[in-house]
Amino acid sequence: MFDPAAVEPVVELLADLAEQGRALEFGIGTGWIALPLTGRGVPVVGIDNSEAMVARLRAKPGGEAIDVTIGDFATTRVEGEFSVVYLVFNTIFNLVTQEEQVACFRNAAAHLRRRRPVRDRDRGTGPPEPPALLSRAELRLCSYLARKQDQVSFRGM
Ligand SMILES: C[S@@+](CC[C@H](N)C(=O)[O-])C[C@H]1O[C@@H](n2cnc3c(N)ncnc32)[C@H](O)[C@@H]1O
């Protein structure tokens with residue numbers, strides 16, 4: 001699952017989607033994705049409900065520096081906003097009911113940075129645009145990840 005040949009393109013894509021912003025990983029685990037993504041200069045914050053997994057992350061070089069909150073990624077909120085919120089491989093299937101999965105997507109949306117429409121961004125005016133879970137980039141990402149089997153990610157417009 002964590003063959004470098006599989007990890008590198010995922011990290012590359014997430015770094016691209018993060019632009020200059022931060023990334024939030026649901027189910028950060030031992031940091032197979034978060035650590036190389038941090039190495040690419042993307043600040044990563046994580047949520048995980050397993051103290052044991054996070055202890056393994058902490059034992060790795062650079063693992064201490066990653067801000068992790070222990071909690072359920074369907075409901076746990078962390079400070080600030082993020083350019084991309086993602087989970088990988090089959091992590092979504094740790095949530096076994098539709099209600100939990102919907103709550104997870106809502107939680108992801110709540111953490112996403114709001115972006116103004118391009119027209120207003122150019123003028124520096126206008127209200128923030130509500131976040132949407134699927135942009136063209138996301139659809140591209142989802143289809144890419146679907147080809148990679150069971151990997152899911154979502155980001156703000
Ligand atoms: C497949 S592993 C992900 C591995 C991780 N991406 C990595 O690079 O090590 C799934 C992770 O999700 C965590 N997890 C499972 N259900 C969770 C939940 N409801 N809330 C928070 N974390 C959860 C597990 O503890 C585990 O670390």
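Modeller: Happy to, and we will go from the overall fold to single residues. This is a predicted model, in which local features need pLDDT of at least 70 and side-chain atom pairs count only at pLDDT 80 or more, while totals for chains, interfaces and linings use all residues. Residues are numbered from 1 along each chain as its sequence is written.

Colleague: In what order do the elements of the protein run from the N terminus on?

Modeller: Helices (H or I, at least four residues) and strands (E, at least two) are DSSP runs, numbered from the N terminus. The protein has six helices and five strands. Read from the N terminus, their order is α-β-α-β-α-β-β-α-α-α-β.

Colleague: What percentage of the residues in the protein is buried?

Modeller: A residue is buried if 20 or more other C-beta atoms lie within 10 Å of its own, exposed if 12 or fewer, and partly exposed in between, with C-beta atoms placed from the backbone. The protein has 157 residues, and the buried share is 34%.

Colleague: Which residue of β2 is the bridge partner of Glu25?

Modeller: Two strands pair if DSSP finds at least two bridges between them. Strand β1 (residues 23-26) runs parallel to β2, and four bridges join them. Across from Glu25, the partner in β2 is Gly46.

Colleague: Which helix makes a β-α-β unit with β2 and β3?

Modeller: A crossover is right-handed if, with the strands pointing away from the viewer, the path from the first strand over the helix to the second runs clockwise. One right-handed unit is made by β1, helix α2 (residues 34-39) and β2. Between β2 and β3, the helix of the right-handed unit is α3 (residues 51-58).

Colleague: How many residues of strand β2 are buried?

Modeller: In a regular strand the side chains alternate between the two faces of the sheet. Val44, Gly46 and Asp48 point one way from β2, whereas Val45 and Ile47 point the other way, and all are buried. Strand β2 (residues 44-48) is therefore largely enclosed by the rest of the structure, its buried residues being five of the five.

Colleague: How wide an arc do the buried residues of α4 cover around the axis?

Modeller: The buried residues of α4 are Cys104, Asn107, Ala108 and His111. They lie on the same side of α4, because the arc they cover around the axis (taken from the directions from the helix axis to the C-beta atoms) is only 100°.

Colleague: Which residues are exposed on the other side of α4?

Modeller: An α-helix has 3.6 residues a turn, so residues three or four places apart point the same way. On the other side of α4, the exposed residues are Gln98, Glu99, Val102, Arg106 and Ala110.

Colleague: Is Phe89 buried or exposed?

Modeller: Phe89 lies in the loop between β4 and α4, with phi near 55°, a positive value in a residue other than glycine. Most residues other than glycine have a negative phi, and most peptide bonds are trans. With 20 other C-beta atoms within 10 Å, Phe89 is buried.

Colleague: Which residues come nearest to the ligand?

Modeller: A residue is near a molecule or strand if its C-beta atom, placed from the backbone, lies within 6 Å of it. Of the 20 residues around the ligand, those that come nearest are Gly27, Gly29, Trp32, Ser50 and Asn94.
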